[in-house]
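Hi,

Here is the structure I promised to pass on.

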Amino acid sequence: MKKIKVMIVDDHSLIREGLKQLLEFDGSIEVVGEASNGIECLEKIDSVHPEVLLLDINMPEKNGIEVLKEMKEKESPIKVLILTVHNELEYLTQAVDIGVDGYILKDSESSELKKAIQSVLEGENYIQPSLIPALNNQLVNRDIEKDKISLLTNRELEVLIQVANGMFNKEIATNLNISERTVKNHISNIFKKIDVSDRTQAAVFAIKNNIIKL
């Protein structure tokens with residue numbers, strides 16, 4: 001039987017050692033390489049030729065999300081399975097957006113980890129089942145936010161950016177070469193379209209949806 005070639009990337013040597021023993025126990029998987037950080041991973045990966053990369057998120061030098069991004073930009077055929085302690089939606093949605101093949105938590109059973117490796121190798125996406133409801137909810141909410149943003153005109157977006165940057169109506173009027181009355185009208189329309197009631201909520205909306213960067 002052909003063994004699945006896996007590379008383990010984690011900054012804790014005990015975890016790498018434990019995973020290697022666990023994965024190779026029944027003879028179906030071969031650990032062909034290890035790395036302790038993202039830079040070492042990217043340097044080694046082409047020489048060990050894994051089929052699946054088992055990747056931690058929190059690492060020195062270059063983290064797992066950065067490694068994932070670089071590999072997807074290069075259109076690498078290697079499947080990337082993130083194995084992490086992080087169940088925060090922020091990491092999961094970021095990984096899904098970049099195109100991760102799988103995402104599983106370190107407190108999983110060994111049988112689930114092997115199932116995840118097999119699934120991504122066969123071209124399926126594998127997200128740990130316990131994370132799926134929250135992920136779906138997040139993606140639905142994000143689609144609603146996108147719909148709100150699409151209602152804004154270019155001028156309203158410009159005004160929202162200025163509001164989120166803490167500008168007063170008079171400053172916005174000067175910056176955009178329009179009257180204060182027009183600025184007030186735009187702000188009123190913006191609040192209705194994005195469903196907020198004050199400037200602080202508008203600023204939070206703009207930051208959350210990457211309309212401005214902190």
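Histidine 49 sits in the loop between helix H2 (38-48) and strand E3 (52-55). (Helices, H or I with at least four residues, and strands, E with at least two, are DSSP runs numbered from the N terminus.) Histidine 49 isn't a glycine, and yet its phi is positive, about 50°. It counts as exposed because its relative accessibility is 54%. On that scale, buried means under 20% relative accessible area, exposed means over 50%, and partly exposed is in between, with a 1.4 Å probe and protein chains only.

Before you go on, note that this is a predicted model, in which local features need pLDDT of at least 70 and side-chain atom pairs count only at pLDDT 80 or more, while totals for chains, interfaces and linings use all residues. Residues are numbered from 1 along each chain as its sequence is written, and side-chain values use heavy atoms, with hydrogens and water left out.

Asparagine 177 has a positive phi too, near 60°, and is a residue other than glycine. Look for asparagine 177 in the loop between helix H8 (169-176) and helix H9 (180-194). With 71% relative accessibility, asparagine 177 counts as exposed.

Lysine 2 is in the segment before strand E1 (4-9), and its relative accessible area of 62% makes it exposed. Leaving out residues up to four places away in sequence, lysine 2 touches Ser28 and Glu51; contact here means heavy atoms within 4.5 Å. From lysine 2 to glutamine 201 is 199 residues along the chain, and their C-alpha atoms are separated by 56 Å.

Now for two buried residues. Threonine 84 belongs to strand E4 (residues 79-84) and is buried, with a relative accessible area of 0%. What does threonine 84 contact, leaving aside neighbours within four places in sequence? The list is Asp56, Ile57, Tyr103, Ile104, Leu105 and Lys106. Glutamine 128, in the loop between strand E6 (126-127) and H6, is buried as well, at a relative accessible area of 7%. Not counting residues up to four places away in sequence, glutamine 128 touches Tyr103, Ile104, Leu105, Asp107, Ser108 and Glu112.

On to the helix pairs. Two packed helices are described by the angle between their axes and the distance between the axes. The axes are lines fitted to C-alpha atoms, for helices over the stretch in contact, and angles run from 0 to 180 degrees between N-to-C directions.

Take helix H4 (residues 89-98) and helix H6 (residues 132-151): their axes come within 10 Å and cross at roughly 70°. H4 and H6 are therefore roughly perpendicular to each other. (Under 35 degrees counts as roughly parallel, over 145 as roughly antiparallel, 65 to 115 as roughly perpendicular, and the rest as oblique.) On the H4 side, Leu89, Leu92, Thr93, Val96 and Asp97 meet Ala134, Leu135, Gln138 and Arg142 of H6. By class, this contact of H4 with H6 has 5 nonpolar, 2 polar and 2 charged residues. (Ala, Val, Leu, Ile, Met, Phe, Trp, Tyr, Cys and Pro count as nonpolar, Asp, Glu, Lys and Arg as charged, and the others, Gly among them, as polar.)

Leucine 135 lies in H6 and counts as buried at 6% relative accessibility. Leaving aside neighbours within four places in sequence, it is in contact with Leu89, Leu92, Thr93, Val96 and Ile127. Leucine 135 and threonine 93 are 42 residues apart in sequence, but 7.0 Å apart in space, C-alpha to C-alpha.

The other pair is helix H7 (residues 154-164) and helix H10 (residues 199-208), whose axes come within 8 Å and cross at roughly 105°. That makes H7 roughly perpendicular to H10. Leu160, Val163 and Ala164 in H7 meet Arg199, Ala202, Ala203, Phe205 and Ala206 in H10. Those residues divide into 7 nonpolar, no polar and 1 charged.

Finally, the largest pocket. It is lined by 13 residues, and Gln138, Arg142, Lys208, Asn209 and Asn210 lie nearest its centre. (A pocket is an open set of points on a 1 Å grid over the protein atoms alone, where a 1.4 Å probe fits, with protein on both sides within 12 Å along at least five of seven lines; lining residues have an atom within 4 Å of a point.) H6 gives the largest share of the lining, 6 residues. By class, the lining has 1 nonpolar, 6 polar and 6 charged residues.

Cheers
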